[in-house]
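Please look through the sequence and the model that follow, and keep both in view while reading the report below.

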Amino acid sequence: MAMRRPSLYSRSSGSRPTRDPDPVVQAAPGAAQAAPPISRRKRFGAWIKRFERPLLLVAGGLIAFGLVVAHALLAPPSRMLSQRDIDRAVLHTLSTKTMPSPEARAFEKVRQSVVRVRGMAAGKDGGPPVEESVGSGVVIVDSGVILTSLHVVREARFLRVVFFDGMESDAMEINRIPEHDLAVLRAKTIPDDLPAATLRTTGDLQHGDHVVAVGFPFGIGPSVTAGVISGFGREFRDPDGKRVLTNLIQFDAAANPGSSGGPLVTLDGEVVGIVTAILNPTSERFFVGIGFAVPIENAASGVGIHPF
């Protein structure tokens, strides 16, 4: 009797044959296991961790940019300054801060170039030298070349000059200009960074221009007096009649004995003359309102340099 092959379909009473379920395929021993799938959240976290520092920098920049934009949008619009605003600011400054006068500024510009000139004589019985005459001078070359009045140094046995910082030095006369009552001195030693005064032509000066005279009247100083130019081309004859000076500048800034040789200065601090004499109808030798100065063009010619 022949055997029947098993059928893929089984029969049951009253029903259609059904297919047996697929058998479970078992992996062969030793075969590689497939990796379980990585979730999206884990992949995103790994990416964040990898680029953490650049992301922080970008985020910080965006926050800063946002703050700048917000400040610009919220800040009130700037207002253009009007002329009225500027005038108010100037008036406020003038009313709350004391400004130096033009004369003070002129003196400050020339102060370090003005020297006291001492004409010395030998002391009695071998004693120390004594001051025989006193006048003023102004440095016109920073190597220590000084202009002064000839009558200040004419009779002196030897000379000394005192600078702005109190330093005192022997000096020698290197030139004389008798027709203009001028002498040129050179100091043996000078302070560091000694400034020379700025010289200015007298060609554009006018009657009434403001000037200051700087010097050592009666040995006191440096002293500053202020006035105006009263005239040009004046002539002066000294009381003993031994000298006549011409082409002088007349001014009314106070000058007295000891002022001779000092500079006559514009309000810009520029030297236009060398004080040389005062006019006084009496023998008292005090200032009555008329002083004379040698124009700086004549003074500079004695040094052999162009003054400007």
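His180 counts as buried at 17% relative accessibility, where buried means under 20% relative accessible area, exposed means over 50%, and partly exposed lies in between (1.4 Å probe, protein chains only). This residue sits in the loop between β7 and β8, and, leaving aside neighbours within four places in sequence, His180 is in contact with Leu245, Val294 and Asn298, contact meaning heavy atoms within 4.5 Å.

The model is predicted, so that local features need pLDDT of at least 70 and side-chain atom pairs count only at pLDDT 80 or more, while totals for chains, interfaces and linings use all residues. Residues are numbered from 1 along each chain as its sequence is written, and side-chain values use heavy atoms, with hydrogens and water left out.

**Overall make-up**

The secondary structure of the protein comes to 6 helices and 14 strands; helices (H or I, at least four residues) and strands (E, at least two) are DSSP runs, numbered from the N terminus. Of the 308 residues in the protein, 34% are buried. Among the contacts with a separation of 6 or more, 57% are between residues 24 or more positions apart. The protein exposes about 20,400 Å², of which carbon and sulfur atoms supply 57%, the areas coming from the Shrake-Rupley method with a 1.4 Å probe, and for residues only the protein chains shown count as cover.

**An enclosed strand and its partners**

Strand β14 covers residues 291-295, and because 5 of its 5 residues are buried, this strand is largely enclosed by the rest of the structure. Strand β13 (residues 271-278) runs antiparallel to β14 and is joined to it by 5 bridges, with Ile278 standing opposite Gly291. Strand β11 (residues 244-251) also pairs with β14 in the antiparallel sense, over 3 bridges, and here Gln250 stands opposite Phe292; two strands pair if DSSP finds at least two bridges between them.

**Backbone details in loops and strands**

Asp181, in the loop between β7 (168-177) and β8 (182-187), has a positive phi of about 55° although it is not a glycine, and Asp181 is buried, with a relative accessible area of 1%. Asn247, found in strand β11, likewise has a positive phi of about 55° without being a glycine, but Asn247 is partly exposed, with a relative accessible area of 43%. The peptide bond from Gly221 to Pro222 is cis, with omega near 10°, and Pro222 lies in the loop between β9 (210-215) and β10 (223-237).

**Nonpolar cores and a surface patch**

In soluble globular proteins, nonpolar side chains tend to be buried together. The largest nonpolar core here has 27 residues, of which Val110, Val138, Leu147, Val271, Ile274 and Ile296 touch the most other members; such a core is a set of buried Ala, Val, Leu, Ile, Met, Phe, Trp, Tyr and Cys residues joined through side-chain atoms within 4.5 Å. A second, separate core of 16 residues includes Val139, Leu159, Phe163 and Ala187.

Ser113 lies in the loop between α4 (102-110) and β3 (114-121) and is buried, with a relative accessible area of 2%. The C-alpha atoms of Ser113 and Ala196 are separated by 5.7 Å, although these residues are 83 residues apart along the chain.

On the surface, Phe44, Trp47, Ile48, Phe51 and Leu55 form a nonpolar patch with about 450 Å² of accessible area together. Patches are made of residues with over 30% relative accessible area and no salt bridge, like charges being joined within 9 Å and nonpolar side chains (Val, Leu, Ile, Met, Phe, Trp, Tyr) within 5 Å. Helix α1 (residues 40-50) gives the largest share of the patch, 3 residues.

**Salt bridges**

Side chains of opposite charge can pair when their charged atoms come close. The structure holds 9 salt bridges, each being a side-chain nitrogen of Lys or Arg within 4 Å of a carboxyl oxygen of Asp or Glu. Three of them are listed here.

| Salt bridge | N to O distance |
|---|---|
| Arg111 and Glu108 | 3.3 Å |
| Arg200 and Asp204 | 3.1 Å |
| Glu270 and Arg200 | 3.9 Å |

Glu270 is partly exposed, with a relative accessible area of 23%. Elsewhere, salt bridges that share partners join Arg116, Arg118, Glu131 and Glu168 into one network.
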